[in-house]
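Please examine the protein chain shown below. The paragraphs that follow lead through its helices and strands, and then turn to the confidence of the prediction.

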Amino acid sequence: MAETLRLFVSATNDLEAERAIIGRAVAQLPVQIGIEIRRTPARGADYETIHELIGNVDRVYFLMGQDITAPAGAEWFLAWKLERSVLPLRRAGLRTPAAQDFLHLVPMRWTPFQSGEELYRLITLDLIRILQHPKNRYGLSLTELELIHAHGQRINEATGSGRPIEPGGAEGGGVLLDFAHREPVAGVALDER
């Protein structure tokens, strides 16, 4: 059975709008698969709730802006502790001393981005790599694998042309339903007499 792709998006407070770009990259994939985007609720959450949200995701996107802010620090620590696959992305620009210390203490290579368009390209290409899992965890057909490969080529060409990419999408988190790969629901129809 095809698995649901589970993503967690962590962003510092100044990059809240960039969450929408990730949602749009997911929504514009040319295949119908189950994808769940998680985040810590905007009103905040306790440590156990964040642990539960990150515990079984396939990928954590960590967006670092000008300063390290709550709950991003706790999300980073939990993702590292739970050995989740993290793509650390940092927006180019000046940083506060706390953010500079955080970047130096984190034992990972950061992927820089300058704009929303560049972030969209990085996320889309990363999603395509994930979906091309050697064991086909997400149940894609050969045709669907070819579609996502072609989509990646189009993204590279479009971003090279300077065409702007508008933000939008599931910035508050969400679930994209996969009707093509779901098992039929077993049950008995009830008569409505």
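**Burial, pairing and confidence**

Of the 16 residues of helix α5, 13 are buried, so this helix is largely enclosed by the rest of the structure. At 1.5 Å a residue, the 16 residues of α5 (residues 116-131) should span 22 Å, and the C-alpha atoms at its ends lie 22 Å apart, which agrees.

Strand β1 (5-11) may be considered next. Because six of its seven residues are buried, β1 is likewise described as largely enclosed by the rest of the structure. With β2 (35-38), β1 pairs in the parallel sense over four bridges; leucine 7 has isoleucine 37 of β2 as its bridge partner.

Ile50, Leu53 and Ile54 are its buried residues. Viewed down the axis of α2, the buried residues fall within an arc of 90°, so they line one face of the helix. An α-helix has 3.6 residues a turn, so residues three or four places apart point the same way. Glu48 and Glu52, on the other side of α2, are exposed. What lies over the buried residues of α2? The covering elements include β1, β2, β3 and α3 (72-81).

The confidence of the prediction should be kept in view throughout. The protein chain averages a pLDDT of 86, and 82% of the residues score at least 70. Strand β3 (residues 59-64) has the highest confidence, at a mean of 98, whereas strand β6 (residues 174-176) has the lowest, at 51. Over residues 161-172 the pLDDT stays under 50, although the model has 25 contacts for this stretch beyond four places in sequence. Residues 184-193 also have a pLDDT below 50, and this stretch has zero contacts in the model beyond near neighbours in sequence. Where pLDDT is low, the predicted coordinates should not be read in detail.

Terms used. Residues are numbered from 1 along each chain as its sequence is written. This is a predicted model: local features need pLDDT of at least 70, side-chain atom pairs count only at pLDDT 80 or more; totals for chains, interfaces and linings use all residues. Side-chain values use heavy atoms; hydrogens and water are left out. pLDDT is the predictor's confidence in each residue, from 0 to 100. Helices (H or I, at least four residues) and strands (E, at least two) are DSSP runs, numbered from the N terminus. Contact means heavy atoms within 4.5 Å. Buried means under 20% relative accessible area, exposed over 50%, partly exposed in between (1.4 Å probe, protein chains only). The arc is that of the directions from the helix axis to the C-beta atoms. Two strands pair if DSSP finds at least two bridges between them. The expected span of a helix is 1.5 Å times one less than its number of residues.
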